[in-house]
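User: I want to go through the terms applied to this model and see what each one rests on.

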Amino acid sequence: MTTITAVEVHDIRFPTSLTADGSDAMNKDGDYSAAYVVLRTNADLAGFGFTFTIGRGNDICALAAQERAKPLIGRNADELLDDLGTAYRELKSDSQLRWLGPEKGVEHLAMAAVMNALWDMAARRARKPLWRLLAEMSPEQLAATADLTYLSDVLTHDEAVALLAECEPTRQQRIDELTSTGYPCYTTSAGWLGYSDEKLRRLCQESIDAGYRHIKLKVGQSLEDDIRRCRIAREVIGWDAALMIDANQVWDVPQAIDWVSALSEFKPLWIEEPTSPDDVLGHAAVRQAVAPIGVATGEHGMNRVLFKQMFQAEAIDFCQLDSARLASINEILSVYLMAKKYNVPVCPHAGGVGLCELVQHLSIFDYVAVSGSLENRVTEFVDHLHEHFVDPCIVRDGAYQLPNAPGYSAEMHASTVEEYSFPHGTYWVAVNEPAA
């Protein structure tokens, strides 16, 4: 019997604040980080998962993940992996941990990390990349896996099965298509707010030369600077490529409307996170006021219930769920299904360490087995920190290439864990050593 024998949780931090990578109007000096979970067994099988933060507090997520994973130790791995819907429900039923949320904040981030590791283990056991493992599940199996609690007013189990059944006969056709073309992505790497105008101009040109047709800029710190930076971007990418802007929650609703209106001359495809991520009606008001510019949000969408309300209120044009904030595949699947019902394209957030590795699986699965559409769908890509992963994502000509290695692409190199574990990794020890 294959048994889960141990759980390792590592506080991994990268010093991205030194180069302004990841900088935006709300988060100016983040050190991209991961609460990294490794599930060990008594066999040649392991599972790797994480949740994403930007530095201080990552240790709290790591501690929470350790608590979340404790009930797995000593369990039969095959029984857990054969029914990940039941495994998920068992873990989330811990009422003492649930009280810390419920289903939000640190305890939910920890749930994401642990369930991501279980899903990775399931795909490794099946010797398939996660997207293929999911794409080969029946509509009934997928619906049984999805967390549909609190959603029955908009999505029942039978509706979920019916929505998934629509794409089942033609799944292989879309797999063949993506094998040839890849899944379209956009880049944020050119537009971090801390970059100079010269660097912005150079990176925009490099992005266009690399085949990207969608480029995103961070905005919201200074309107004068935003106008200048958007003008530089349009000069480089022209008007045929799409330009998106992202405020990272810094505005109140009236300010968001005024600011976006001032930038409308640059014809952005969307304004991302224009206000508080929890303000459903605020997003709806912004959407109505700035149309035809779209409204996008979701990277801080705390759970499926918030997304349900966003869909009900017609508050967003683009759903940007996050692979490490929602509670892994079980909850992500329910959001994908609601998005299909409400005809809102899902364009996952991936602007953090390892998120690109995860969301490529989600987007591929969505096209193959849920939405069956690429219309208005494009997934984020940032070009940093991929070298720390055993199975890094591959982007070519502005498109994610289909991953082939078994798992969720979440495993980090052992050398990365040794170097960037905080505070005792070799990098952080050297940085914090007192000067001679």
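User: What makes S4 and strand S10 a pair, and in which sense do they run?

Analyst: This is a predicted model, in which local features need pLDDT of at least 70 and side-chain atom pairs count only at pLDDT 80 or more, while totals for chains, interfaces and linings use all residues. Residues are numbered from 1 along each chain as its sequence is written, and side-chain values use heavy atoms, without hydrogens and water. Strands (E, at least two residues) and helices (H or I, at least four) are DSSP runs numbered from the N terminus. Two strands pair if DSSP finds at least two bridges between them; S4 and S10 (residues 379-381) have three, in the parallel sense.

User: Why is S4 described as largely enclosed?

Analyst: Buried means under 20% relative accessible area, exposed over 50%, and partly exposed in between, with a 1.4 Å probe and protein chains only. Four of the five residues of S4 (residues 183-187) are buried, so the rest of the structure largely encloses this strand.

User: Why is threonine 187 called buried?

Analyst: Threonine 187, a residue of S4, has a relative accessible area of 2%, so it is buried. With contact meaning heavy atoms within 4.5 Å, and neighbours within four places in sequence left aside, threonine 187 touches Ser207, Tyr212, His214, Ile215, Lys216 and Phe381.

User: How do you know that arginine 171 has no salt bridge?

Analyst: A salt bridge needs a side-chain nitrogen of Lys or Arg within 4 Å of a carboxyl oxygen of Asp or Glu. Arginine 171 is buried, and the nearest side chain of opposite charge, glutamate 168, is 4.9 Å away. In the charge count, Lys and Arg are positive and Asp and Glu negative, with His and the chain ends not counted. Arginine 171 lies in helix H9 (residues 171-181), and its contacts beyond four places in sequence include Leu134, Met137 and Val368.

User: What makes a space a cavity, and what is a pocket?

Analyst: On a 1 Å grid over the protein atoms alone, a cavity is a set of points where a 1.4 Å probe fits but cannot get out; a pocket is an open set with protein on both sides within 12 Å along at least five of seven lines; lining residues have an atom within 4 Å of a point. Points are joined across faces, edges and corners, and a volume is the space filled by probe spheres set on them. The largest pocket holds about 480 Å³. Among its 27 lining residues, those closest to the centre are Phe52, Thr53, Ile54, His300 and Arg325.

User: What marks out the peptide bond between alanine 291 and proline 292?

Analyst: That bond is cis, with omega about 15°. Most peptide bonds are trans. Proline 292 sits in the loop between helix H13 (280-290) and strand S8 (294-297).
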